[in-house]
Amino acid sequence: MKICIACGMPMENPADFAMGDPDKDFCVHCARQDGTMQSYEEKLDSLANFIVRTQGLDKQAARDAAKGMMAQLPAWKK
């Protein structure tokens, strides 16, 4: 099983991968409509919004949490 390099989501089925392509290293949630990976800012915004919706944190706390999570992922390591 692959893990998305941009968000850490487990990718088990073709539908989990960007464009349904198991050769991609990132998931459907981290892909733009053309199949390219979202930028850091795009992913940060979407992940922060996901954290607000699912964990009830305020926007700044969710953004800080998202930054911390993303710093551990291969796509965003500096």
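**Figure 1. Ala15 in the loop between β2 and α1 of the predicted model.** Ala15 is placed in the loop that runs between β2 and α1, in a structure that is a predicted model. With a relative accessible area of 62%, Ala15 is exposed, because the term applies to values over 50%. Along the sequence, Ala15 and Val28 are 13 residues apart, and in space their C-alpha atoms lie 7.4 Å from each other.

**Figure 2. Met19 and its backbone angle.** Met19 belongs to the loop between β2, residues 10-11, and α1. Although Met19 is not a glycine, its phi is positive, at about 60 degrees. Most residues other than glycine have a negative phi. The relative accessible area of Met19 is 56%, and the residue is therefore exposed.

**Figure 3. Asp25 in the loop between β2 and α1.** The loop between β2 and α1 also contains Asp25. Its relative accessibility of 39% makes Asp25 partly exposed, since that class lies between the buried limit of 20% and the exposed limit of 50%. Asp25 and Pro10 are separated by 15 residues in sequence, and by 11 Å in space from C-alpha to C-alpha.

**Figure 4. Cys4 and Phe26.** The loop between β1, residues 2-3, and β2 holds Cys4. Cys4 has a relative accessible area of 1% and is accordingly buried. Although Cys4 and Phe26 are 22 residues apart along the chain, a distance of 4.4 Å separates their C-alpha atoms.

**Figure 5. Cysteine sulfurs around Cys7.** The structure contains zero disulfides. Cys7 takes part in none, and its nearest cysteine sulfur, which belongs to Cys27, is 3.7 Å away. Cys30 is likewise in no disulfide, the nearest cysteine sulfur being that of Cys7 at 3.7 Å. As to accessibility, Cys7 is partly exposed at 22%, whereas Cys30 is buried at 0%.

**Figure 6. The largest pocket and its lining.** By residue class, the lining comprises four nonpolar, three polar and two charged residues.

Figure 7. Helix α1 covers residues 40-55, and its 16 residues should span 22 Å at 1.5 Å a residue. The C-alpha atoms at its ends are 21 Å apart, in agreement with that expectation. An α-helix has 3.6 residues a turn, so residues three or four places apart point the same way.

**Figure 8. Helix α2 and its buried face.** The 12 residues of helix α2, residues 59-70, should span 16 Å at 1.5 Å a residue. Its end C-alpha atoms are 16 Å apart, which agrees. In α2 the buried residues are Ala62, Arg63, Ala66 and Met70. Because the buried residues of α2 fall within an arc of 100 degrees when seen down its axis, they line one face of the helix.

**Figure 9. Met1 and Tyr40.** Met1 lies in the segment that precedes β1. At 69% relative accessibility, Met1 is classed as exposed. Met1 and Tyr40 are 39 residues apart along the chain, and their C-alpha atoms are separated by 24 Å.

Key: Residues are numbered from 1 along each chain as its sequence is written. This is a predicted model: local features need pLDDT of at least 70, side-chain atom pairs count only at pLDDT 80 or more; totals for chains, interfaces and linings use all residues. Side-chain values use heavy atoms; hydrogens and water are left out. Ala, Val, Leu, Ile, Met, Phe, Trp, Tyr, Cys and Pro count as nonpolar, Asp, Glu, Lys and Arg as charged, and the others, Gly among them, as polar. A disulfide is a pair of cysteine sulfur atoms within 2.5 Å. Buried means under 20% relative accessible area, exposed over 50%, partly exposed in between (1.4 Å probe, protein chains only). Helices (H or I, at least four residues) and strands (E, at least two) are DSSP runs, numbered from the N terminus. The expected span of a helix is 1.5 Å times one less than its number of residues. The arc is that of the directions from the helix axis to the C-beta atoms.
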